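Please look over the chain shown below before reading on. The briefing that follows takes up the overall build first and then a few individual residues.

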Amino acid sequence: MITDDDVKDLFDLYEGLCRQALGGEVDVDRITSLFAAEFIGAAPQGVLAGRNDAQLGQAIAREYVHHRKVGTKEMRIRDLRVSPLDEYHCVAHVGWTAVYARDKAPDLPIDFEVHYFLQKLGDEPKIFGWVSGDAEALLKAHGII
């Protein structure tokens, strides 16, 4: 059975792994271990489906290189709300704050939300999907990219 504590523990770990990756040490194996064998993702650009394989690990590593390149200093969870679906599934509504370094200007915090679909069949819950907004448009609107 998936509990709120399971979800909180998973996202505490995820947040710590994000912090570590933004510092330059991406633990791809540990990050990918948070995801199910197959997953779906949806954003305004479309829907993707994938497998938790070497290609996912490479994409995660590239994503953190991009985050550091655009000045992402920190990603922290500011809010976590869980909507149970049944005893094995839930949606975790995660409010993130990303902090960006800028030349000759104060750091810029930007809030965004991602809705994660989780499943717990064994000992630990796994992320099997997410829905997010248009991250690129948000960064453009704030002058980050």
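**Overall build**

Of the 145 residues of the protein, 34% count as buried, a word that here stands for a relative accessible area under 20%, with exposed meaning over 50% and partly exposed lying in between (1.4 Å probe, protein chains only). This is a predicted model, in which local features need pLDDT of at least 70 and side-chain atom pairs count only at pLDDT 80 or more, while totals for chains, interfaces and linings use all residues. Residues are numbered from 1 along each chain as its sequence is written, and side-chain values use heavy atoms, with hydrogens and water left out.

*Fold and dimensions*

- The protein has four helices and six strands, where helices (H or I, at least four residues) and strands (E, at least two) are DSSP runs numbered from the N terminus.
- Read from the N terminus, the elements follow the order α-α-β-β-α-β-β-β-β-α.
- With a radius of gyration of 15 Å, close to the 15 Å that the globule rule gives for 145 residues, the protein is as compact as a globular protein of that length; the radius is taken over C-alpha atoms, and the rule is 2.2 Å times the number of residues to the power 0.38.
- The C-alpha trace spans about 50 × 30 × 30 Å along its principal axes.

- T97 sits in strand β4 (residues 89-102) and is buried, its relative accessible area being 5%.
- The side chains of T97 and D111 are joined by a polar contact of 2.6 Å, that is, a pair of N or O atoms within 3.5 Å; within protein, one must be able to donate a hydrogen and the other to accept it, and residues adjacent in sequence count only if both atoms are side-chain atoms.
- Neighbours within four places in sequence aside, T97 is in contact (heavy atoms within 4.5 Å) with residues including E74, R76, P109 and I110.
- I110 belongs to strand β5 and counts as buried at 3% relative accessibility.
- The C-alpha atoms of I110 and Y100 are separated by 7.9 Å, the two residues being ten apart along the chain.

*The loop residue K104*

- K104 lies in the loop between β4 and β5 (105-119), and K104 is exposed, with a relative accessible area of 89%.
- The phi of K104 is near 55 degrees, a positive value in a residue other than glycine.
- Most residues other than glycine have a negative phi.
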